Every structure is written in C-alpha cells, then in structure tokens.
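Here are my notes for someone opening this one for the first time. Have a look, then read through the points below.

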Amino acid sequence: MQTPQLVPIALMRTLTYVLQNSNFYKKLFKGVNTTNKELSFHEWRTYPFTSKDDISKNNLDFLAVPMSEIADFVTTSGTMGDPVTIYLSRLDLKRLALNERDSLSLAGVKEGDLVQLMTTIDRQFMAGIAYYLGIQELNAGIIRIGPGVPELQWSSILKYKPRVLIAVPSFILVLIDYAKKNGITLLDNSVETIVCIGESIRDDEFNLNVLGKRITKDWKVNLYSTYACTEMATAFTECHAKQGCHLNEKLLFLEVVDENGNEVGDGEQGEIVITTLETTGTPLIRYKTGDIAKRFLQKCSCGNSSPRLGPIVGRKNQMIKYKGTTIFPQTIFDIFDNMEEVDCYKIIISKDNYQNDQITILLQLEIMDSTIHKTILGKCQSRLKVIPIFTFHELEVIQAQVYKKNLRKPEKIVFI
Ligand SMILES: [Zn+2]
C-alpha cells in the first residue's frame, strides 16, 4: 500500500493553533483532533473552505489573540457593505516585514537601495506598511510619496535618485506622459526597476501584456510582477526569470482548485486558495481568494522550486457570463489598452431582463462613426465573440468615471 503524502509540519502547526485560538475554526472543525496525529493531503482536502463571506459575517470570531495584543488594524473590502478587519499582532508585523523582505529580494532589491513608494501607507491598507517594514528589514531606504501627484513623484526621483519604484503600472503611464510633456528625459534617470502591484503586466505566456509593453516602449526599466491580497498577508513575486510569481512557502500554503473544489494540475487554471502559516492575529485555513490564475509546479530556471502563479486572469465574481461563454475583464482591457486612438474607456457590466450579463462600453465621441469604431467591432467579434453595447460621451465625462478620488487605481470596469 502506498504511504499517504503528509501535509507540511507548518500546516499542522497552523491547524493546531486555530483549533485552540480561533472561535470560527473551533466551530467549523468541531471533532477534528490534531494531537499527535499526522495529516495526509487526502484528509486535508476534505476540510471545508473559508470564504470572504465567512469573514464578513463572523469577523471577530477570526481573531485568535486577545484584542490587547493587536498591533495594527488592517481593513479590506467585505461582502456585507462594511470593510472587514484583518487583525495583526506584533508577530504578524514581523512576519509581514520578512515577507516583504523576501519578496523585494526576489525582485533584486538589496541593502543600500533607495525605493520610492507610490502607494498609500495609511487608511488601514496593508500594502504600504508591508513595503515600509520590508524595506527596513532589507536595510534599504524608502521615500514615501504615496499615490498620485506625478509632479511630486518626478521631483523626488530627480532629487533623491531612487533605483526602485513600487507602483500601480497604469500610474506609470501617467508618469511617462507627465515626463514627455514637461521635458523630463526617460532615457537617463536613476530608476532601473519597477515593482508592479495591483495589475497584471504579463500575458498568459509571461510576455509583457499591452500595459507592460506601453511602459517599456518609452522607459527602459525592469518590471517585476507581484500578486497579493490582504487576507494572505503574503506576496507572490517574480524572480529574474519572470516565469510566474513565486510562492513564499515559509509563510503560505497554496492550493489552486477548479469549480468543484478539486486541485487542478500543473499549468492549469483555477481559483487561488491559501492557508496562512505563522500568523497569529487572523489565521485563515483554505481561504478562497476569488482570484483565478494558472499554477506552475516545475522547478523555475532560477533554481527555486516553489510553486509559481501566472498572471491573475480575473476574479471569480468578475466572470462575465455571456451566451454560454465566460469572459474576464482583462480580455476587454487588452483590446482597448492596445488602441492608441482610445484615450479612455469605461466598461459597465449589468444584468438584462433575463439576468444575463450585459456589457456596455463608454467611449469618447470622436470614435462614433469613425473607422476606429469598425476596427473595435471587429476586435470584439474575434476576441470576445460578442459585440458589446457602445455609448459615446465627452472624454472628460468618461475620465471622471474612471479616475475617481479616493480609489487606489483607475476603475475601468464596474459591475452593477
Ligand atoms: Zn524563479
């Protein structure tokens, strides 16, 4: 008889910890006993998943240390209207620092480097504070400019000469545009590396996608992809091979599952499911992130054998179902991001009278009745197999709907 494959010890430790400390998991795993017991993957996979809805409905029950031991209160979007809180203990902040140190190291950031941070560090977001702590852990320097304000970003780049930027890639396009209009040369400045957050810069084959190409066409920088979500408090990061984002196996256990919850094979696409390792404040078991990506298990050419994730193709709740086909927003983004004639667009997904998804795209007035309109129709037909509804507006009207104040990134799509 074949010996069953056992789960890693760190995973057993997490399970034992939540059974002792998390009210939510004490109830969910009633009857599960981990004392002196080895656990096979087979049994592990019979355990229930945790969803964002669970955290929204039972937020406090996930807290696994006394509230007085919480060092930082992070929030992320919930499913019930209010944001949910992810409670971080002092040990969790230390873990976050180590996570980001490892992540930035993979992207070649090292001791003595100077990094300009173009994301929010306050308002209870996790990412900014994670970068800050990680950069300190690396013995590197940080300039906390925060998001937006291209003028300030450039004056800081020219003054302090950071080698690395951490930014949302679509904002880099804004920076490039500002540089061109204000006589700032993109050929000769200190920036060599941009660690990209929040948006994909690669396609399915790991080549730069339209967004990535648009950045590097004008600015000869080295782009690195990352993937993270607040609940996992861990980042997946590309190494120099740029063949997917590596899992940090010390801090996270990864599963990728199909629609029925079964593990997908090497190179196959599914939903990312995580179990946090070494967290004490808000540990999560088999948490379904809603993000869809391919997972690769072959050893990377960099020598690291940890699993890698391909670009996020979409979120489960952002799947557009249209006449039996599934479309992810990224496919629509790729069509319009690639057309220089389209200055700005907004995609609205709504339900028709029969509860089918309906796609409406707002475009600028100049496109109406032009040859570009015909090109767009052709591209939609071939890439989406669907012709969306188009409405035409003044450019400023669309821009106001996309670049909203208080949003971290452009809202190119909305589900209503
Ligand atoms: Zn690698």
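1. Start with L60: it is exposed, at 52% relative accessible area (exposed means over 50%, buried under 20%, partly exposed in between, using a 1.4 Å probe and protein chains only). You'll find L60 in the loop that links α4 (52-57) to β1 (70-76). Helices here are DSSP runs of H or I with at least four residues, strands are runs of E with at least two, and both are numbered from the N terminus.

2. A word on the source: this is a predicted model, where local features need pLDDT of at least 70 and side-chain atom pairs count only at pLDDT 80 or more, while totals for chains, interfaces and linings use all residues. Residues are numbered from 1 along each chain as its sequence is written, and side-chain values use heavy atoms, with hydrogens and water left out.

3. Now the zinc ion. Its protein donors are C239 (SG), H246 (NE2), C300 (SG) and C302 (SG), at 2.1 to 2.3 Å; donors are N, O and S atoms within 2.8 Å of the metal (3.2 Å for Na, K and Ca), and since water is not among the atoms, sites may look incomplete. The spacing of the donor residues in sequence reads C-x6-H-x53-C-x1-C.

4. The arrangement around the zinc ion is tetrahedral, because the four donor atoms subtend angles of 102 to 114 degrees (for four donors, all angles must lie between 85 and 135 degrees). Both C239 and H246 are buried.

5. Overall, the protein has twelve helices and 20 strands. Of its 416 residues, 53% are buried. The C-alpha trace spans about 70 × 55 × 45 Å along its principal axes.

Definitions and conventions
Tetrahedral: all angles 85-135°; square planar, octahedral: opposite > 155°, others 65-115°.
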